[in-house]
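Here are my notes on the model you asked about. Have a look at it first, then read on.

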Amino acid sequence: MKTIIEKVDSENPQKYEAVFMKAASVIKNGGLVAFPTETVYGLGANALDPIAVKKIYTAKGRPSDNPLIVHISDVTELNDVVVDVSEKAEKIINAFWPGPITIIFKKRELIPMETSGGLSTVAVRFPENETARFFIKKCGVPIAAPSANSSGKPSPTKAEHVKFDLDSRIDMIIDGGACKFGLESTIIDVSSEIPCLLRPGSVTKDMIEGIIGEINVDKAVLEKLSENEKPKAPGMKYKHYSPKADVKIVKGNAVDVAEKINAIVRENMIKGIKTGVIATEQTRDMYKCDNILVIGSLNNPEEIASNLFDVLRKCDSFEVSQVFVEAFDEDGVGMAIMNRLKKAAGYNIINV
Ligand code: TXA
Ligand code: MG
């Protein structure tokens, strides 16, 4: 299959009517279209069409028990797909939609089990990105979309990442430039008395608690689960975000971290193991290594979040076999950054 790639200006998608008409006709014919959102690129299909949805799983190599997020182009479309919108859900919707937060609801019959991964609930997201909203609106149906990467790889934050992973496996890519936040949406389940954060993102725990009071954090967000434990978001159990290299996180004060990493880089050089370091603008000069990737400034965690997946993908182009990364503060968006990094590292953390 030939994958069509069409560029649009995310500031003014209306100008590109023809591109969206083409994308909508692909969706109506049961095909797959990758599209930008403010978080990461999504791989969209008609959420109501089980055959189209199955193609998503095949293209990504995704396990079929991992449910998809259903995307809508306006809050008025929510009642078409879910039942029982609680008071707390209403508050979250009013505060953060459209935006980078996904809410779990009880699903309506018309959402097929293929979309919800066999669950009676469905995850719904109303994105803020204009291109995403325009695309969904033109399709005229809710759009099921996981991140548009091969399963297990870092999520795509640029159209070129989607092309690298899925070229010739999907019908179309709408290129709307780099994603604003660069980390997948926050996921919250409001079905229990105390709502539960299933995946941290750019809408932080503090921001949510400021609106609805105390929430719990699913254990899978912060630590590795044992074999017999199940995360509430099925996708959190799978290995994620991994470049080909082994990633290791090093935690401690900056001087000790740099000393430890430099010692390993030296030893690896003797053994002929090519090593990379992910550093910040403030720490880059502390490393003696030929392959340093700068992820952003410690003063700007949002910048670190938006560069994270791009930097993890660049590790592959450096062809290193080990990558060391400093641990970041887990406050605010730092919880989401460290959640993704821990998964990329298979929870491999060296404390110094
Ligand atoms: O930012 C995002 O959320 C992006 C963009 C494209 O919207 N999408 C995304 O989708 O990250 P995906 O499939 O990569 O991650 C969806 C996560 C998975 O961990 C899945 O298990 C969980 O959401 N999920 C989906 N439906 C669920 C449900 N009914 N209950 C619990 N978890 C659910
Ligand atoms: Mg994903």
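This is a predicted model: local features need pLDDT of at least 70, side-chain atom pairs count only at pLDDT 80 or more; totals for chains, interfaces and linings use all residues.

1. Residues are numbered from 1 along each chain as its sequence is written, chains are lettered from A and ligands numbered from 1 in the order in which they are written, and side-chain values use heavy atoms, with hydrogens and water left out.

2. Start with the largest pocket, which holds about 730 Å³ of space. Its lining counts 43 residues, and R62, N66, P67, I187 and R199 are the closest to its centre. (On a 1 Å grid over the protein atoms alone, a pocket is an open set of points with protein on both sides within 12 Å along at least five of seven lines, a cavity is a set where a 1.4 Å probe fits but cannot get out, and lining residues have an atom within 4 Å of a point. A volume is the space filled by probe spheres set on the points, which are joined across faces, edges and corners.)

3. Which elements give two or more residues to that lining? They are strand 4 (69-71), strand 7 (121-125), strand 10 (186-189) and strand 11 (196-199). Strand 7 gives the most, with four residues. (Strands, E, at least two residues, and helices, H or I, at least four, are DSSP runs numbered from the N terminus.)

4. The second largest pocket has a volume of about 360 Å³. It is lined by 17 residues, with K224, L225, M236, K237 and Y238 nearest its centre.

5. There is one cavity of 30 Å³ or more. The largest cavity holds about 30 Å³ and is lined by P200, G201, V203, T204, K205, G332, M335 and A336.

6. M335 and A336 turn up again among the buried residues of helix 11. Eleven of the eleven residues of this helix (residues 334-344) are buried, so it is largely enclosed by the rest of the structure. (Buried means under 20% relative accessible area, exposed over 50%, partly exposed in between, with a 1.4 Å probe and protein chains only.) Just after helix 11, G346 takes a positive phi of about 55 degrees.
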